[in-house]
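Please look over the sequence and the model below. A short report follows, arranged by topic.

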Amino acid sequence: MNKIHYILILVFLVLISFYYGGFIKKNVLSVNNFIIENIYEAKDYIANAISKHFNQAKQISLLKKRNEELERTSILATTFANELNRLLEDKNSTQYFPHISLVKTISYVQINDYKKLWLNLFESKSAKIKGLIYNGYTAGIAINKDGRAMALLQGDEKCIFSVYIGKNKSPGLIQGKNGMVVVRYIPKWAEVDINDEILTSGLDNIFFPGIPVGIVSKINNEDMYKSVEVKPYAELNTPSYLYIVDKF
């Protein structure tokens, strides 16, 4: 009797496994998948949180270091200006202290011309041309257009200002040509080499002297003068902010 009882129980379990095994297995797998998915999500969340924390810490460290460098540069520049002013005072000359202001670009003047931008600055009737600086490098000039300040970025044909080239300070004029930046009207006798640095001369009262422009990438011999193609330091796509030279 006991054997028959055990056999019946075994048959019952086998039948249960046939009918409900798939259902049980499906639910067990679902629970298993749910647990695994949540574990992976938790893992990704923790990894992202840790990564974000360290990235923020790294960014804060870089910004702090950059701020210290800017403070140091500002102090050195101020000290230099003060010393220069003392020298100029001894010679009864005017003070030299450049003033620049932050300006914001608003929009393109024309949708198909990426070298002309409106600035959030309204000008008087003065026709004075002012220099524009981006990340410490020349970016172009600002002119008065119908009472508004219009930026002409480097590469525009009407963006012109005076520069010196190389250690010998060979003079020339920056100008845009077919989207490129070139220096024209360099004297024939001037010694100019590839990779010579180009700096503003300050002789045109647009920029103060010594602002980096770029380096010489190619030299062309014209009939009456030399010209060079320039690899500008400033990478100008669509700058959001620029510095404008007020006076110096």
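## Confidence

Which element of the protein has the lowest mean pLDDT, and which the highest? Helix α1, residues 2–90, has the lowest, with a mean of 61. Strand β6 has the highest, with a mean of 95.

This is a predicted model. The mean pLDDT of the protein is 77. Of its residues, 63% reach 70 or more.

## Overall make-up

The protein has one helix and twelve strands. Along the sequence, the pattern is α-β-β-β-β-β-β-β-β-β-β-β-β.

The protein has 248 residues. Of these, 27% count as buried.

## The barrel

How many strands close into a barrel, and in what order? Six do, in the order β6-β7-β8-β11-β10-β9. Their pairing is antiparallel. From one strand to the next, the twist averages 45°.

Strand β6 covers residues 161–165, and strand β7 covers residues 170–177. They pair in the antiparallel sense over five bridges. Phenylalanine 161 has isoleucine 174, in β7, as its bridge partner. Strand β6 is also the element with the highest mean pLDDT.

Strand β1 spans residues 99–110, and strand β2 spans residues 113–122. The two run antiparallel and are joined by four bridges. A hairpin of two residues links β1 to β2. Within this pairing, tyrosine 108 stands opposite leucine 117 in β2.

Strand β2 also pairs with strand β5, residues 148–153. This pairing is antiparallel too, over four bridges. Here lysine 116 stands opposite leucine 152 in β5.

In a regular strand, side chains alternate between the two faces of the sheet.

## A nonpolar surface patch

Which residues make the nonpolar surface patch of about 390 Å²? They are Ile100, Leu102, Tyr241 and Tyr243. Strands β1 and β12 (241–247) each give two or more residues to the patch.

Tyrosine 243 lies in strand β12. Is it buried, exposed or partly exposed? Tyrosine 243 counts as partly exposed because its relative accessibility is 38%, between the 20% limit for buried and the 50% limit for exposed.

Most residues other than glycine have a negative phi.

Aspartate 146 is not a glycine, yet its phi is positive, about 55°. Where does aspartate 146 lie? It sits in the loop between β4 (137–145) and β5. Aspartate 146 has a relative accessible area of 74%, so it is exposed. The cut-off for exposed is over 50%.

Tyrosine 185 also has a positive phi, near 60°, and is a residue other than glycine. Its place is in strand β8, residues 180–186. Strand β8 belongs to the barrel. Tyrosine 185 counts as partly exposed because its relative accessibility is 43%.

How values were computed. Residues numbered from 1 in each chain as written. Predicted model: local features only at pLDDT ≥ 70, side-chain atom pairs only at ≥ 80, totals over all residues. Heavy atoms only, no water. Pairing = 2+ DSSP bridges. Axes fitted to C-alpha atoms, helices over the stretch in contact; angles between N-to-C directions. Patch = residues over 30% accessible without salt bridge, like charges linked within 9 Å, V, L, I, M, F, W, Y side chains within 5 Å. Areas by Shrake-Rupley, 256 points an atom, 1.4 Å probe, with all protein chains shown as cover. Salt bridge = Lys/Arg side-chain N within 4 Å of Asp/Glu carboxyl O. Buried < 20%, exposed > 50% of the residue type's maximum accessible area, 1.4 Å probe, protein only. pLDDT = per-residue confidence, 0-100.
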